[in-house]
Structure formats: structure tokens, C-alpha cells
Amino acid sequence: MATLTFDDLFESHLIDNVIDFSITDIFIAMVLAFIVGLFIFFIYKKTFSGVMYSSGFGVSLVAMALVTTMIIIAISSNLILSLGMVGALSIVRFRSAVKEPMDIAFLFWAISAGIVIGAGLIPLAVLGSAFIGLILILFASKKPLDKPYILVVDCDNDETEKTVMEYVKSSVKKQVLRSKTLSGDGIELTVEVRLTNQESDFLNQISKTPGVSSAVLVSYNGEYVT
């Protein structure tokens, strides 16, 4: 039975892999990944249009670019290591819910930037990230003139319902009846509307309609379906 000697430790492949890596290349790649990650963080903060801003998610974008760069540098130098890394990462499961659709784009952007930098395609990482950031800022600067709202109205009878719907159609840019609930107390209408301004006046006029027991206007960030 062969025994492991002290000299065998210095002849191991682990020591060889350490020598094969260029400290300068690793340092440049990680610093560049950090800078690109900060740029992605800045664009995310600049273009964020949701309700609850999470600084932790922005920091995770920087970390995502750094970690991905480190992984790509490692697997690009060893084919066997790359196969093992794929198997190891395949068991990872993420359970955090994505609150905004654009968050997926920023996550994919950070991961892609890390992959490109780790592969050594530095001009592509820099120019591509700059172009993506410019496009996102241009689209974010064009704010929609109208905002989506959910209108919930309790009506006493059919005549009140008809009066409310006629007023809604004449007062808003777009409207869609989402649900209608009949009960012993009356009729509950849930309508998706688009308002440009004067939200309070719009709701006040509906609440003053004879036969309306209550009226609620809720803002949300959902997509409008025609």
C-alpha cells in the first residue's frame, strides 16, 4: 500500500494550479468586475420605479458580478473543474421572490458581466454594460402620463352601478371591469382605471353618487391589459 510522503504534497496538482494562476490577471478581473458591478448598482438605483427600494438587492448585484467572475476564472483553467462546478451549482436553489420584473434583467446583467469579464473579454464587458445602462436610463426617463389604479365601489342597486360605470367611462382614459360581486348588501365593482391627475376629485365624485355606500381607489404597479 502506497503511503503519502511530505514530498508528494509539493508534487500535487493543487500546488500546480496555484502556480498556474496569474495574480495580476485575477486582481485586474476582480477590480473590473467590482467597477462594473457598481455601475450596474448605480443604474438600478437611478432607474428604480417600484415602491419599496432595497439597497440590499443593489449590493447583491455587485456581489453577483464578483462571484461570477471568480467562478469563470476558475473553470476556464481546468476542464475537469468546470464539469464539477456545473454539477455543484446545479443543486443550488434560490427561494427569494423577485418583486419587480426589471430585477430579473439586472440579475442577468450582473451575471453576464461577470461571465464576460472572467472570460477575458474586457472591451465587451465595458462597452456592453455602458450601452445597456444608457438604454435603461433613456427608457426610465420617459415616465408614463397616466397611472394604473384599482377602483372598488359598493353600489346599492343596478341603477347606481350604471351611473358609476358611465361616469368612469367618461372620466378616465382607459378602464376595464375586473370583477363584479353580487350580495345581499348590493353590488361590488372592481375596475382597473388609468388616471392622469386629480385622483382625489375623481374618487370624491364617485362617492357622492346616490346609492354608493363606499369607494376605494388603490394605486398599483401591475401591467394594464387591454
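1. Axes here are lines fitted to C-alpha atoms, for helices over the stretch in contact, and angles run from 0 to 180 degrees between N-to-C directions. The model under discussion is predicted.

2. On that basis, helix H3 (residues 23-47) packs against helix H6 (residues 101-118) at an angle of about 165°, and their axes lie 10 Å apart. Since angles over 145 degrees count as roughly antiparallel, H3 is therefore roughly antiparallel to H6. The crossing of the two helices is right-handed.

3. The contact draws on residues of both helices. H3 contributes Ala-29, Leu-32, Ala-33, Val-36, Phe-39, Ile-40, Ile-43, Tyr-44 and Thr-47. From H6 come Asp-103, Phe-106, Trp-109, Ala-110, Ala-113 and Ile-117. Sorted by class, the contact of H3 with H6 comprises 13 nonpolar residues, one polar and one charged.

4. The model also holds an open sheet of four strands, in the order E2-E3-E1-E4, with antiparallel pairing. Strand E2 (174-183) and strand E4 (212-219) each have a single partner strand and stand at the edges, so one side of each is left without a neighbour in the sheet. On average, neighbouring strands of this sheet are turned by 15° against each other, direction ignored.

5. Within the sheet, E2 and strand E3 (residues 186-195) run antiparallel and are joined by nine bridges. In this pairing, Val-176 stands opposite Glu-192 of E3.

6. Helix H8 (residues 158-171) packs on the sheet and touches strand E1 (147-155), E2, E3 and E4. The direction of H8 makes about 0° with that of E3.

Conventions
Residues are numbered from 1 along each chain as its sequence is written. This is a predicted model: local features need pLDDT of at least 70, side-chain atom pairs count only at pLDDT 80 or more; totals for chains, interfaces and linings use all residues. Side-chain values use heavy atoms; hydrogens and water are left out. Two strands pair if DSSP finds at least two bridges between them. Contact means heavy atoms within 4.5 Å. Angles under 35 degrees count as roughly parallel, over 145 as roughly antiparallel, 65 to 115 as roughly perpendicular and the rest as oblique. A crossing is left-handed if the near helix is turned anticlockwise from the far one by less than a right angle, and right-handed if clockwise. Ala, Val, Leu, Ile, Met, Phe, Trp, Tyr, Cys and Pro count as nonpolar, Asp, Glu, Lys and Arg as charged, and the others, Gly among them, as polar.
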